[in-house]
Amino acid sequence: MNDIPLELASNAVKAFLASQYDKKTETEQKQLAKAVESNDLLLISTLNEKLTIAKDKYQLDNWMDNAANKMANQISFGTHISKGVHSGSKGDNISFEPQSSLPDGIVGHQSINNHKLDASGNAAALPLFSFFDFDVDTDKKIMDYIIYDSDSFKSCLSNNKKLSAQYFQIFRTLLTGEISVPCSSEYNKQVLWPTNHKTDAYICTIPLYPSSLTNSVYEKIQHIQYSNDVKIAKKNRFSSSAEKTPYVTLLDIATVTIGGSNPQGVSRHMSKQGGRNYLLPSLPSIIKQERAFKLSKFANSIFSTSMEYNAREAIQSIFKSIKDTRNIVDVRDARKSAIEGVLYQIFAAAEDIRTTMPAGWSKDYELDRVEKLWLDPKRADLEGEEEFKAEREQDDAWHSQIVHIFARWLNTLMQAEFKEIASNFGDAEHLDWEHEIEDMKKRYERAGKGVFL
């Protein structure tokens, strides 16, 4: 960041004081204009007297003296504020400058680049915040130059150079959050973090409210929901002649209100936000398995209890279709669909193993040889696996063996579920299961998704 010429810095300070004068005396100035038109001499005299007092208040030396010696003692700045924890807290605010980034997936103060300082304290001192927040150019405010230690601003805060330097140092100390003796409050929470269980040593931390972060989130969500582009897009969606443009809709956003009916008593950001703070999702971790189906090293077949659990919903659908004894098309279709559901789960699990496991993984598994030929196709390309390759390519008899194993596994599940009619699940049903897998295998092959390739 570069400093600006003294003249520009001085003009920025004068422009701020002029804007404050105009803002605070807007009513009196309008009344004065009407009084002049009506030639109300008494009212003109009264208003001129008030405006003279106001003009004197906003003279450079007068305003800066009040700001540095009074307002600065009644207001505190920081990226993390104490009153955000409890509006009655009188603890210190701090300005936190992150020195490292957060791990992926974790959001915090470090996640934003432009940290906007917040301020809390006596509302009568908030004009000092307005001074610091006054625009100097398109992307820099007076506070940026004071924090930067600008020589120009160090010289333009008073007609007396020594006083100007003193004011500047007071303001800079205030903005940088330099605290010689940190002060907490009985309203702040404490977290005792043990560092040595043998000596009962611990660090006492005082969490403060990340006002800069929550303000950034608030402004982004407000922009997404209520910017002019979004308003126009929402309005145009019902117009037949207007151009339709997409817009984002945010659902289920919760807010917490801080400060109650007087958010200004908490901080400047809270005042501008009306006390509303959007809540970020705070959800438990979602623990996912490496893959949906995990093959045990000691299993001799993919058709196991694990596969039964993996395809449990489709298997339950088969049970349900068998319990329905009506011999109608709908029941037969439901049964066929359920069997396809089981096969889909099996083929998906097999495809996942075939494509994600490293070549030769099956050498360390107890799996039957025919299923190794099926599930570990890349092993055939390894050196020393010529026999394995020959078995895979010699003929496709092992395909039939896998189909037979599947049919036997499914038959066993049916017999366990329907013990009273277990004997009914014999050769005929076994052949039905085999035909189903053969049909589905052919459909996969026609779609270019060979099951055993």
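Mentor: What follows takes each label, its rule and its value in turn. This is a predicted model, in which local features need pLDDT of at least 70, side-chain atom pairs count only at pLDDT 80 or more, and totals for chains, interfaces and linings use all residues. Residues are numbered from 1 along each chain as its sequence is written, and side-chain values use heavy atoms, with hydrogens and water left out.

Trainee: How many helices and strands does the protein chain have?

Mentor: It has 18 helices and 6 strands. Helices (H or I, at least four residues) and strands (E, at least two) are DSSP runs, numbered from the N terminus.

Trainee: Why is Gln-222 called buried?

Mentor: Buried means under 20% relative accessible area, exposed over 50%, partly exposed in between (1.4 Å probe, protein chains only). Gln-222 has 18%, so it counts as buried. Its place is in helix α9, residues 211–226. Leaving aside neighbours within four places in sequence, Gln-222 is in contact (heavy atoms within 4.5 Å) with Ser-227, Arg-276 and Tyr-278.

Trainee: What makes Phe-16 and Trp-63 an edge-to-face pair?

Mentor: Rings of Phe, Tyr and Trp (its six-membered ring) pair if their centres lie within 6.5 Å; planes under 30 degrees apart count as stacked, over 60 as edge-to-face and the rest as tilted. Here the centres are 5.2 Å apart and the planes stand at 70°, so the pair is edge-to-face. Phe-16 lies in helix α1 and Trp-63 in helix α4, so the pair ties together parts 47 residues apart in sequence. Both residues are buried.

Trainee: Why is the pair of Tyr-218 and Tyr-278 stacked?

Mentor: Their ring centres are 5.6 Å apart and their planes are at 25°, so the pair is stacked. Tyr-218 is in helix α9 and Tyr-278 in strand β6, 60 residues apart. Tyr-218 and Tyr-278 are buried.

Trainee: Is Cys-183 buried or partly exposed?

Mentor: Cys-183 has a relative accessible area of 41%, so it is partly exposed. Cys-156 has 7%, so it is buried.

Trainee: Which residues have the most contacts inside the largest nonpolar core?

Mentor: They are Phe-303, Ile-346, Trp-374, Phe-406 and Trp-409, in a core of 45 residues. A nonpolar core is a set of buried Ala, Val, Leu, Ile, Met, Phe, Trp, Tyr and Cys residues joined through side-chain atoms within 4.5 Å. The largest share, 10 residues, comes from α17. A second, separate core of 43 residues includes Ala-35, Leu-51, Met-64 and Cys-156.
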